Amino acid sequence: MRFSNSPGHRAHLRAALVALLLAAPLAAQTPIDAPDNKFSPAEDVKLGRQAAQQVEQEMPILRNEQIDSFVDRIGRRLVNAVPAEFRHPEFQYAFSVVNARDINAFALPGGPMYINRGMIASARSEGEVAGVMAHELSHVVLRHGTAQASKATKYQLGQIAGQVLGAIVGGTAGAVIAQGSQFGLGAAFLRFSRDYERQADILGAQIMARAGYDPLQMASMFETIQKQGGSRGPEWLSSHPNPGNRQEAIRKEARLLQVQNPVQSSGELRTVQARLEQMPRALSGEEIARRAEAGAEGGAVGTAGTGSANVEPPSREFRSYSVGDVFQVSVPENWRQVAAGNSIRFAPEGASAPSSGQQVFTHGIEFGVAGNDDGDLEAATKSLVAAFASSNPGLRVDGRAQRVDFGGRNGLRVVLRNASEATGREEAVVVTTTLLEDRNLFYSVAVAPVAEFDRYRQAFQRVNGSVRLAQ
């Protein structure tokens, strides 16, 4: 068969091919499945409402009609673009701005969302603001907060009010809502897992495209967050860890999506940013936490800068404890049990002092369970130590990790030094870890001032040696 090769025929073929390509659907977007969850959507709403009340009592909410209107408009547009399978009619969405200069944002179960003033000030386009909000909205509609708490309750070693709320919020807000220990649950379950982060990135990109925003602007905002976070990293990343190749994964998903009814730039972001620049200086997260501490009711055992004269040395007599269905342990008889969220602490009387809105312990040992994505002991231990360091700026590793027996299993021991913000003294910290059968990380953290550590060393060794894991 002979085909015509005339210019007119070639032009006709090109036009037909272009029409065919335009008509062809894009490759299927990445499917997302919401994780298992022991809570009901109605419980999400209840928990979110309770947390929102505490947030608005203890964090400086910026009340400005122009700025609130800007954020609310973006939020409503994104909510209307949530895929049908993730819509929850009972959810009550609200969008507020926190008068804090840190680059941060968080959302609560059931709909309340909070965006830091510093996040808006750092954005280069409305789409970048929408990118962060779409990511947070995805956590809400996928119900990641209560799904995370569903996993945490398995290791509910201690009971404190606000445990679930602290596990959802993280960061400064987590410290305000559920004032935990210096080394406890905040490092283990106050972060979303990398799997949840990956889901929120992908679904967030899909919501953005459906709402008329270019998903590539989410990737560019994350780059801004990373660059402006400083040497210790931005607060937002402490509770939203990078799942790996974050920006490239978002760009890859964006190539599968088509932006519907693109939002035209109105210049409103620049107007809002100019208004923010005219306002008095915003507080930092640390200042907010300190203010919350100063306004908190009740006193603390011990005060900042306190020595250890009133802290008894470890008793030679030991008492056994059974901690849920997770482990058994024996500790000095003069150490009392203190709940600390999804960890449990044993410490002598007076071994506590306030620091940056939290009660931290200066002597004793704490046990906990940390989420672990890959089941690698060394990697999980490094991640745990890094999480501790994020809330303890003076923390540093003292030597190499050593292989040890812990609870009858292969374990790791890492010795750290820390400049205690509570007492102003140098303290020694010994972290010991092993893996549970479900791959989560079981750990102990032993703490005592360096000048007194020799008096505690033998007790710490005996306590860790007594651990018997149930799984």
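The crossing formed by α3 and α14 is left-handed, a term applied when the near helix is turned anticlockwise from the far one by less than a right angle, with right-handed used if it is clockwise. In this predicted model, local features need pLDDT of at least 70 and side-chain atom pairs count only at pLDDT 80 or more, whereas totals for chains, interfaces and linings use all residues. Residues are numbered from 1 along each chain as its sequence is written, and side-chain values use heavy atoms, with hydrogens and water left out.

The axes of α3 and α14 (residues 268-278) come within 10 Å and cross at roughly 145 degrees; axes are lines fitted to C-alpha atoms, for helices over the stretch in contact, and angles run from 0 to 180 degrees between N-to-C directions. Contact (heavy atoms within 4.5 Å) joins Gln 66, Ile 67, Phe 70 and Arg 73 of α3 to Glu 268, Leu 269, Thr 271, Val 272, Arg 275 and Leu 276 of α14.

Helix α10 (residues 194-211) crosses helix α13 (residues 246-254) at roughly 35 degrees, with the axes coming within 9 Å. This crossing of α10 and α13 is right-handed. On α10 the contact involves Glu 197, Asp 201, Ile 202, Ala 205 and Gln 206, and on α13 Arg 246, Ala 249, Ile 250 and Glu 253.

Asn 80 lies in the loop between α3 (65-79) and β2 (94-98), where helices (H or I, at least four residues) and strands (E, at least two) are DSSP runs numbered from the N terminus. Asn 80 and Ile 207 are 127 residues apart in sequence, with a C-alpha to C-alpha distance of 8.9 Å.
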